[in-house]
Amino acid sequence: MSYASFLMQRDKSNAQTGLWLAVKVTDRNGKVISRQRQRKSHSFVQGWNWAVCAQFLGQSAPSPALGPVKNTAGSNVNLRTCGSPFRCNAGAGVTSTGIRVGTDNTLVAITDYALKAPIAQGTGPGQIEHQAQTFTWIGIAGNICSFQTERVLVNNSGAQITVHETGIYMTVFYPTAGTEICACRDLINQDIPDGGSVTVTYTIRIVA
Amino acid sequence: MKLFYEVIVKDKHGRVILRENKESRSWVMAYNQLVYGGMSGSGQSVKCTDGVSRTQSTTYDLLLVARPAGYHNRGCVVGSGNAPVTINDYKLETQINHGVGPGQLEHYECTILYPPSVAGSQCSFRVKRIFHNASGAPVTVREIGVYASISNNYDACVIRDVLGADAPVPHGGAITVIYTVRAIA
């Protein structure tokens with residue numbers, strides 16, 4: 001069975017429109033030591049809806065202003081139609097966009113604009129190495145259409161890191177640098193051993 | 001993310017003669033393709049409302065819905081078909097065109113009601129359009145949807161719904177379609 005066929009079969013058992021999340025932790029030898037099978041994501045947060053709204057509106061200078069909304073740095077920004085809408089195809093080491101993980105376990109709120117305690121890129125104490133974000137178009141299975149985006153984060157910090165939260169950061173105001181918003185946030189609870197990794201997979205699914 | 005619609009039909013005196021509020025049946029395939037293309041930066045081949053597949057933009061002009069009056073190629077749209085919604089739908093089954101001729105409806109501006117508002121654990125914004133019947137005879141609406149841009153020149157159907165009941169719009173009356181896009185934490 002191909003990987004796409006496997007994903008399609010699994011999709012049929014989760015027939016709800018929305019965002020889904022799976023998490024996998026491996027040790028330094030690549031052995032899977034923990035797995036959170038695909039479950040409904042807690043949620044998109046308001047940033048996602050702002051981004052969709054900005055595209056629907058399609059104006060380079062909305063009047064009245066489309067904002068303010070907080071970017072991932074906590075600053076208020078006004079949005080407009082974006083030159084790279086929803087973009088989160090982060091390369092290795094990039095933390096401004098893409099899937100992030102953090103150490104805080106505060107409950108998810110619609111107003112969340114960032115992870116509460118995002119883990120920085122690196123190999124120092126408490127840091128994690130961000131691999132490139134990848135995308136898989138799953139396609140249509142029955143009345144379901146879905147795709148996945150995934151990121152592997154490797155712990156070479158020299159000690160265990162406990163990850164409590166994850167989410168997706170994406171661009172909403174290109175070409176203005178530094179304007180990214182948090183599209184979704186979820187709580188997970190995974191210990192990542194030194195040398196190990198955590199793989200976070202989000203699935204976006206629509207069901208007719 | 002949830003999607004809801006409200007349809008209101010008024011007669012020529014402005015009296016409400018029909019109202020329907022429901023959770024939308026569905027986004028359809030093109031929506032997910034356009035979001036995928038935006039997120040990944042890898043343009044997808046998207047079937048447009050004219051039935052031709054084209055590569056989407058991954059930069060500007062992606063998912064535009066707002067549209068001035070007089071255009072039926074983008075924004076909220078209505079039709080007379082009632083074929084069940086499928087994930088592959090790329091247009092309304094039988095779209096009602098803009099105009100004052102037989103079977104036509106005047107398309108007013110399609111507006112985005114923003115900014116998104118937060119209430120409790122929800123964040124919502126709305127898309128609204130009014131269609132006025134000056135055709136001289138009733139026009140029955142059975143399906144609604146949203147067409148959005150895939151690039152500068154082309155559009156795809158991203159939402160389609162079949163109404164729970166026929167919505168006959170009398171001459172001189174109007175039908176208002178409002179979609180609510182909602183994220184719920």
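Reader: How many residue pairs are in polar contact between chain B and chain A?

Author: The count is 17 residue pairs, with both residues at pLDDT 80 or more. A polar contact here is a pair of N or O atoms within 3.5 Å, where within protein one atom must be able to donate a hydrogen and the other to accept it, and residues adjacent in sequence count only if both atoms are side-chain atoms. The model is predicted, so local features need pLDDT of at least 70 and side-chain atom pairs count only at pLDDT 80 or more, whereas totals for chains, interfaces and linings use all residues. Residues are numbered from 1 along each chain as its sequence is written, chains are lettered from A and ligands numbered from 1 in the order in which they are written, and side-chain values use heavy atoms, with hydrogens and water left out.

Reader: What makes up the side of chain B that touches chain A?

Author: Strand S3 (26–27), helix H1 (29–40), strand S8 (111–119), strand S9 (122–132) and strand S12 (174–184) of chain B each supply at least two residues, and the largest share, 10 residues, comes from H1(B). Helices (H or I, at least four residues) and strands (E, at least two) are DSSP runs numbered from the N terminus. In total, the contact (heavy atoms within 4.5 Å) takes 46 residues from chain B and 53 residues from chain A.

Reader: What area is buried between chain B and chain A?

Author: About 3900 Å² is buried, of which carbon and sulfur atoms give 71%; this is the accessible area (1.4 Å probe) that the two parts lose on being put together, summed over both. In chain B, Asn32(B), Met39(B) and Tyr114(B) lose the most area to chain A, together 20% of what that side buries.

Reader: Why is the pair of Asp89(B) and Arg160(B) called a salt bridge?

Author: The closest N and O atoms of Asp89(B) and Arg160(B) are 2.9 Å apart, and the rule asks for a side-chain nitrogen of Lys or Arg within 4 Å of a carboxyl oxygen of Asp or Glu, so the pair qualifies. Asp89(B) lies in the loop between strand S6 (75–79) and strand S7 (106–107) of chain B and Arg160(B) in strand S11 (residues 155–169), so the pair ties together parts that are 71 residues apart in sequence. By this rule there are 13 salt bridges over all chains, yet across the interface of chain B and chain A the rule finds zero.

Reader: How do you know whether Asp89(B) and Arg160(B) are buried or exposed?

Author: Buried means under 20% relative accessible area, exposed over 50%, and partly exposed in between (1.4 Å probe, protein chains only). Asp89(B) has 15% and Arg160(B) 1%, so both count as buried.

Reader: What makes Asn133(B) count as buried, and what does its side chain reach?

Author: Its relative accessibility is 0%, so Asn133(B) counts as buried. Asn133(B) lies in the loop between S9 and strand S10 (139–149) of chain B, where its side chain reaches the backbone oxygen of Ala137(B) at 2.8 Å.
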